[in-house]
Amino acid sequence: MQKLKFKQYIDNSNVSRFRFWVQIISFFIFVYGGYFFIEIASRLPIFSCPYVQGSPGGCYLIGVQHELNTSWSSLFSFRGLAILTSLATFLVFFIFLNKAWCGFVCPLGTLQDWITKLRKFLGFSFTRYDEMSFKKLKVIKYMLLVLLILIPLGIRNTFFGIPLPHGMHTPFCQICPARIILPLFTGDTSQIFIDFTDTTTIIMTSLGMMVAAIFLVGSFVKKRFFCFFCPMSALHFIFSKISLLRMTKDGDKCTRCGNCYRVCDVGIREIADDVISKNIVKDDCMLCVKCVEACPEDDCLKISFAGIPLFNATQEGFFKRYSGTSLTEYIKSIEPNKEQEDESK
Ligand code: SF4
Ligand code: SF4
Ligand code: SF4
């Protein structure tokens, strides 16, 4: 009975508020943790950028680019084993939180949420991609992931007889906005520069500056603007199915009211439209669980860990969280008798 009450308390709680605080604490740890002798690991599934002096660890993407900057022959020797070991370290972290690393922990994701809050505070409206653009643009992150693997390999080896210049040694880090923006939080402006060593470094560092500027402007007009193009998100999705943290949907309980889509910062339409898939974590999802909070149907959307239910959509929780907002007004208007029916039971 106590257990049931506790679960009911969780289902009725405001997870977004909890997420807000987890994000603040995580941001502090992943930007300033090193100053407090916190040491986590160097294969993290988030942008804990080693270019930040206070970083307590490193994001997996920088490691894998360095490791792949090698010849084919060494790839199939001990170096290959080292690459597999670092992938395994990344997976050990990732398997616990799945894409919730993005929703709760990544400092670059948090920064985008803070920019959204600033936009709201200033009273500007936001944009969403139409369905066609959404489908076309979402492939960019997979293309970036393939490039960040192939380009380092192409420096020591040649593809089609064309060697790539050494100036592209960590191509994604050179254009990643985390490298330029996150150090600013420690007062370090040293990453704002153009490297005039050669043509390649001029191009790559200029691109990096441009992407950082686009990140700031884009995040102001579009929620989680950069996450949509992030190769880490693409990498997460490849391994998402083996993770212990899951979000599932019972399509039979879904009324397709669309509330989940309305609150989704990324704009994932399938969360409302897909009534077939049980595993409902789509490639752009960041497991922020806002959709579960906004779903008014009992047990329609669920979060579980290793099969243990953690947080379920409930009508009671929905009305507690969204009481008096346009979402509840909308639900009442399409289900006019639902609340009265339940009250009369
Ligand atoms: S998708 Fe967003 S939150 Fe996730 S790793 Fe990339 S920048 Fe961070
Ligand atoms: S909020 Fe729940 S019931 Fe409504 S469309 Fe989404 S999953 Fe279906
Ligand atoms: S689908 Fe749900 S959990 Fe995923 S990003 Fe959208 S609101 Fe968050």
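Predicted model: local features only at pLDDT ≥ 70, side-chain atom pairs only at ≥ 80, totals over all residues.
**View 1. How the chain splits into two domains.** The domain assignment puts residues 15–235 in domain 1 and residues 244–335 in domain 2. Taken over C-alpha atoms, the centres of domain 1 and domain 2 sit 28 Å apart.

**View 2. The side of domain 1 that touches domain 2.** Here 23 residues of domain 1 make contact with 17 residues of domain 2. On the domain 1 side, the elements giving two or more residues are helices H2 (15–32), H5 (78–97), H6 (100–105), H8 (131–137) and H13 (231–239). Sorted by class, that side carries 11 nonpolar, five polar and seven charged residues.

**View 3. The shell around ligand 1.** Cysteines in this shell include Cys102, Cys106, Cys227 and Cys230. Also around ligand 1 are Ile46, Phe47, Leu108, Gly109, Phe226, Met232, Ser233 and Met286. Two or more residues each come from helix H7 (107–122) and from H13.

View 4. Helix H9 covers residues 140–156, and at 1.5 Å a residue its 17 residues should span 24 Å. The C-alpha atoms at its ends are 25 Å apart, so the model agrees with that expectation. Which residues of H9 are buried? They are Lys141, Leu144, Leu145, Leu148, Ile151, Pro152 and Gly154. These buried residues pack against helix H3 (60–68), strand E1 (158–159), helix H10 (171–175) and H13.

Terms used
Residues numbered from 1 in each chain as written. Chains lettered and ligands numbered in written order. Domains from an automatic or database assignment. Contact = placed C-beta atoms within 7 Å. Helix = DSSP H or I, 4+ residues; strand = E, 2+ residues; numbered from the N terminus. Nonpolar A, V, L, I, M, F, W, Y, C, P; charged D, E, K, R; others polar. Near = placed C-beta within 6 Å. Expected span 1.5 Å × (residues − 1). Buried ≥ 20, exposed ≤ 12 C-beta atoms within 10 Å, placed from the backbone.
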